[in-house]
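Let us take a walk through this structure together, one part at a time. Have the sequence and the 3D view open as you read.

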Amino acid sequence: MPEVDPRLSRTLEVRDHAGEQRRWHLLDSGPLLAERGITPQGTLLAVHGNPTYSFLFRSLVREDIPWRLIAVDQLEMGWSERTGVTRRLQDRITDLSLLTDALSLRGPVVTVGHDWGGIVSVGWALDNRHDLAGMILTNTGIHQELVEKLPKALQLATAPAFLPASTSLTDGFLRTTLALSRPPLPKEVQDAYLAPYRTRARRKGIEQFVADIPADADHPSRPALERLAEGIRHLEVPTLFAWGPKDITFSDRYLRDLIERVPHADVHRFEKTSHLVWEDADVAGLVSQWLRTRLSPSAAELEPARRIASPRPVSSYAEPAPERHVGEPIARLAADPAHAHRPAVVEMAGPDGERREISWSLLNRRVDDIAAGLLGHGVRPGDRVSILITPGADLTGVLYACLRIGAVAVIADAGLGIPGLTRAVIGSHPDWLIGIKTALVGARTMGWPGRRISVEQLPTLDRAALGVETSIAQLATSGSMMRDLGAPLAADWPDADADAAILFTSGSTGPAKGAVYTHRQMSAMFTAVGDTLQLDPERGLVAGFAPFALLGPALGAPTVVPDMDITRPGELTAPALAEAIAALGEPAVFTAPAALRNILDTAAQLDEFGRGAIASAASFFSAGAPIPAHLLRELKSLMPHARALTPYGMTECLAVAAIDLEGIEAAGEGSGVCVGRPVPRAEIAIAVMDEDGRTSGEITDDPDTTGEILVRAPHVRDRYLMLWGTTHASMRFEGWHATGDVGHLDAEGRLWVEGRADHVLATAEGLFTPVQIEDAAETVPTVRRAGAAVVGPRGTQQVVVILETEDGYRPGRPGKPRAAATSLQEAVRRAVRERSGAEVVAVFTTSALPTDIRHNSKIDRAALSRWAGRTLRGEKAGSL
């Protein structure tokens, strides 16, 4: 067994449930802990499933887990005895209890179960509650409804004609399981899993395990499964579910069932991992972190709660935001004669292709009608509702109706792309899915969960084909009828600390994460954005970045989305922007950073009316990536009277700092991009980095100290959805949210952003932030944009620069980089050396740097580094 200290391996003879002496094999770290002088805090009792064995849990033997590991090979499996006895579920639970009795195992015990070993470990936990301190389950299922079909993989495996051939006659079942891992398992690890199962006789246990799946009511193990499925509801101990969502057997359906039965559990989904999540991800690292937080002697409290530390600042941290219900301005303006009939939402191209305006009065009526209809149809407070509607009146009405009745709105926009949107919807476990027809077709095709509601009324055949129960049009009509008959909206305003919405990040630095906001935090977020952008009923908002269209109604600001492809915000044109501005008079304009250059490039297409309309903008903003000052200056030629503001924020805290063009010019040049001072009620600090680019425990607001940017404010998100470890890591400094960005504060208290903390370059010459390198390279004539990459181990990393040039740029089409011309290479090396002190080993040019799909702005430096590493090793690297 590679990666396993031989001293961990031991055997033990114990009587089984039938009274026969049986030989068990297990991994036991107790002697190693004693040798190191460590008194264990308790025992991790780890139970594998089919067709693995104790080797699966080898990673739990590590210095930062001061717990004794007992990882068993179940009888008939691994290196334990082949007895020839058919063992049912309850037999295995009893056998395990007899083994722990023989080991004199006493609490505190945390059970760790995987696959069908998860069910066995739950059985042990129920039968040994007096010793149970916690429970960890990974990719297992605790219940299978009789009316539900088994997963297709198990249907095939359990078919009588196929069962022996796949499980014992051959090692097909085992090899198929091992092949699920991504990336593929190293050969020595695969060989270790195969080793105990080399012959048919040694694989008989695999066949018996599959045959014992209690799918039918008359299966001998069905009563035991029902007992466990009900009993787990009453195990009120700290619990962790760690999951690989790409599992073809134990999909998210089984995770949803477990969460329903154990609602207090901490959950972490390792996106893109599969059934053998222990091999695909650092589950042991998560377990170590969880044990310290939930079960260490120094833990403040051990109550089963979702929050690891309240990210909501107390009054000593930050000024509280004004208390108000989310969406309250809609009703207030609808009741105000001066605003009731003014536009609240303008659609430049409505459902019929024509422009339409929705007044505050009509919007308020629509929200209440939809809210009443949703309640009447069975949507309840706390239900998660995935909203898949293009920006406009329909999206606004549905969103604020959900917020009004306390349903949790799941917002994952089309800017994530189909794969990202699929992961977001499935990963959010929605109870309901409300969408346009295109989204509902996708939901049916890709198996997205949730009861379905369409926006418009669909033909009968379409409703049946898509599994649609009703439509928003019907619900609004029924809600209106109830209210016309005098029935009040039967819903109190939601509690301030109840979940309000799940907003998904762009996924620019990994899979998109769901940021969960409570109503209190969401209200504070709207207030912060309104204060920063100075939005009000008299100044509307042109949302050139579609998700921002949702902010207007909560701020009492009329809103319009330009006629554009919302999945390509960087392609917004000057004529489309001018038309949207004209619809509102003198509004504020918000765009994605990538759109700024395209607006300038298409300005020649403006006619006289368009030039006048675009010049009437009162202010323009852009966020999502730092904005160079020269772009803001160029835009002033189109919008000469507008205040040019560039706020800094993120999905987790939408407004953190802000600065206008005058402020940028006053700040002058520095390392990174100046994004200004904190917005009202927000505070910023810096987590100091060590020489390897990792944050230490020190927090400072001293000027010119570079490190990870921390923020605390009333509008910081509550947590990440089903990402317990990520939430914990981001809140590791009590009361602060670690943004993942790196930068510094200057002597005037202004924040300078220098890239992502994960992209800091740890070279032999010292630490360099990516923006330091990129800014220097972009001073070279003909360089349009630069991306910094690194190769090699931390501490000795080598710097590589990949460029977009003015003559070779092709928007949105990253290609295969090529070595830059010698003169350009020398100019870039010289500029970087003189401005930052870093040495560049190679310079390449490409048609377009890879960026995030939502903003089209954030450079994917990890992709650049992977490409550079392969290229400099002489491997075939291909396109970016």
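**A guided walk**

Asp 115 is buried, with a relative accessible area of 4%; buried means under 20% relative accessible area, exposed means over 50%, and partly exposed lies in between (1.4 Å probe, protein chains only). The model is predicted, so local features need pLDDT of at least 70 and side-chain atom pairs count only at pLDDT 80 or more, while totals for chains, interfaces and linings use all residues. Residues are numbered from 1 along each chain as its sequence is written, and side-chain values use heavy atoms, with hydrogens and water left out.

Asp 115 sits in the loop between S5 and H3. Helices (H or I, at least four residues) and strands (E, at least two) are DSSP runs, numbered from the N terminus. The phi of Asp 115 is near 55°, a positive value in a residue other than glycine. Most residues other than glycine have a negative phi, and most peptide bonds are trans. Gln 534 also has a phi near 55°, and is found in the loop between helix H20 (519-533) and strand S18 (541-543). With a relative accessible area of 43%, Gln 534 is partly exposed.

What about the peptide bonds? Asn 50 and Pro 51 are joined by a cis peptide bond, with omega about 10°, and Pro 51 lies in the loop between S3 and strand S4 (68-73). A cis peptide bond also joins Gly 107 and Pro 108, with omega about 0°. Pro 108 is placed in the loop between helix H2 (89-102) and S5.

Now turn to the sheet. Eight strands form an open sheet with mixed pairing, in the order S1-S2-S4-S3-S5-S6-S7-S8; two strands pair if DSSP finds at least two bridges between them. Strand S1 (9-15) and strand S8 (266-269) stand at the edges with a single partner strand each, so one side of each has no neighbour in the sheet. On average, neighbouring strands of this sheet are turned by 20° against each other, direction ignored. Axes are lines fitted to C-alpha atoms, for helices over the stretch in contact, and angles run from 0 to 180 degrees between N-to-C directions.

Strand S6 (residues 132-138) and strand S7 (residues 239-243) run parallel and are joined by four bridges. Within this pair, Met 135 has Thr 239 of S7 as its bridge partner. Helix H3 (residues 116-127) packs on the sheet and touches strand S3 (43-47), strand S5 (109-114) and S6, its direction making about 155° with that of S5; contact means heavy atoms within 4.5 Å. Helix H12 (residues 283-294) packs on the sheet too, touching S3, S5, S6, S7 and S8, and its direction makes about 165° with that of S7.

Which residues of helix H8 are buried? They are Gly 205, Ile 206, Glu 207, Gln 208, Phe 209 and Val 210. Six of the eight residues of H8 (residues 204-211) are buried, so this helix is largely enclosed by the rest of the structure. Those buried residues pack against H2, H3, helix H4 (152-158), helix H5 (163-167) and helix H6 (172-178).
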